[in-house]
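Hi,

Here is the structure I promised to pass on.

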Amino acid sequence: MTRGPGAAAIASELRARILSGELAVGQKVPSTRELTRRWGVAMATASKALAMLRQEGLTRPVPGVGTVVAATPATARLRPRAASDAGLDAETIVATAMRVADVEGLEAVSMRRVAAELGAATMSLYRHVADKDDLVLRMQEAALGEWEPPDPPPAGWRARLEVAAAALWAAFRTHPWLATVMSLTRPTPLRKGLAFTEWCLAALRDEPIPLQEAFDVQLILFNLVRGVALGFEAEAAATAETGLDSEEWLERSMPALQALVASGRFPMMSRMLAEDYDLDLDLLARSGITYLLDGLAVRLQRARR
């Protein structure tokens with residue numbers, strides 16, 4: 001039987017592709033499954049190869065995307081840079097900070113890092129953005145501002161709330177860091193955030209429930225979508241810490257879980273383990289929204305009686 005190459009050989013080829021620019025910063029690298037198919041190796045070997053690149057800082061996990069090429073001194077030349085400070089403006093600074101956060105997480109964003117990405121002096125950024133707090137605030141506004149509400153709006157409260165929920169999910173999906181900086185109990189005043197709230201309240205304006213209850217509905221909708229979206233950034237952090245993606249972690253954890261349910265005390269979970277189930281956050285969010293709106297439909301029907 002012919003044996004496939006070792007993890008070091010696979011990592012070496014991927015490393016060469018990254019440093020040559022064939023795999024650019026932010027571009028997805030082959031997954032463990034792709035490597036096992038291409039090289040004919042065990043998943044453990046493929047996982048080890050990807051772990052080697054992560055340890056070198058050449059790659060980084062991105063929630064909902066996979067492992068991508070990270071921005072490092074070795075790969076920095078692969079990013080386009082501004083020719084000078086002259087072309088700087090707040091919009092460019094914010095867009096650059098968002099690109100860094102989307103790929104590497106919000107913790108990677110600093111005034112110095114953004115300046116380096118732009119090829120500008122750090123102090124030149126302060127002519128356009130007050131500080132990092134101001135930068136993150138502007139990033140939130142920009143991320144939420146990617147949604148343009150349809151005009152005219154769709155007919156019916158449910159269709160309008162579905163539009164709002166889908167837009168919010170898309171923002172969290174595109175910018176995984178966004179869910180971590182938005183709060184239910186300590187909300188930051190955001191013009192685009194208020195536009196979302198206003199849209200939801202207007203959707204329920206003609207329905208037979210008090211305004212405060214309508215406000216509760218939009219808060220519940222927001223937190224449902226945000227709560228599921230928090231899984232993206234949490235998964236990225238866990239992958240970075242353990243060196244295992246979710247599939248690899250589940251494979252390693254499965255024997256312990258099977259041992260627990262083998263006691264016979266968890267018959268439903270025993271049946272569940274026999275099912276072919278994959279956690280899909282997109283499906284989970286859509287299902288949660290449907291369940292919430294189904295319940296609201298019953299509440300409104302009763303209120304009309």
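Let me start with Glu213, which is partly exposed at 23% relative accessibility (buried means under 20% relative accessible area, exposed over 50%, partly exposed in between, with a 1.4 Å probe and protein chains only). Its side chain meets that of Arg299 in a salt bridge, 2.8 Å from N to O (a side-chain nitrogen of Lys or Arg within 4 Å of a carboxyl oxygen of Asp or Glu). Glu213 sits in helix α11 and Arg299 in helix α14, so the pair ties together parts that are 86 residues apart in sequence. Helices here are DSSP runs of H or I with at least four residues, strands are runs of E with at least two, and both are numbered from the N terminus. Arg299 is partly exposed too, with a relative accessible area of 32%.

Before I go on, the ground rules. This is a predicted model, where local features need pLDDT of at least 70 and side-chain atom pairs count only at pLDDT 80 or more, while totals for chains, interfaces and linings use all residues. Residues are numbered from 1 along each chain as its sequence is written, and side-chain values use heavy atoms, with hydrogens and water left out.

The axes of α11 (residues 211–242) and α14 (residues 281–304) come within 9 Å and cross at roughly 165 degrees; axes are lines fitted to C-alpha atoms, for helices over the stretch in contact, and angles run from 0 to 180 degrees between N-to-C directions. That is why α11 and α14 count as roughly antiparallel (angles over 145 degrees).

A further salt bridge joins Glu207 and Arg304, with the closest N and O atoms 2.5 Å apart. Glu207 is in the loop between α10 (191–203) and α11, and Arg304 is in α14, so this pair links parts 97 residues apart in sequence. Glu207 is buried, at 17% relative accessible area.

What about the rest of the salt bridges? The whole structure has 12. One of them pairs Glu107 with Arg60 at 3.1 Å, N to O. Glu107 lies in the loop between α4 (90–104) and α5 (111–118), and Arg60 in strand β1 (residues 59–62), 47 residues apart. Glu107 is exposed at 58%, whereas Arg60 is buried at 16%. Glu104, Arg113 and Glu117 are linked in a salt-bridge network.

One backbone detail: Asp151 and Pro152 are joined by a cis peptide bond, with omega about 5 degrees. Pro152 lies in the loop between α7 (132–144) and α8 (157–174).

Cheers

Methods. Angles under 35 degrees count as roughly parallel, over 145 as roughly antiparallel, 65 to 115 as roughly perpendicular and the rest as oblique.
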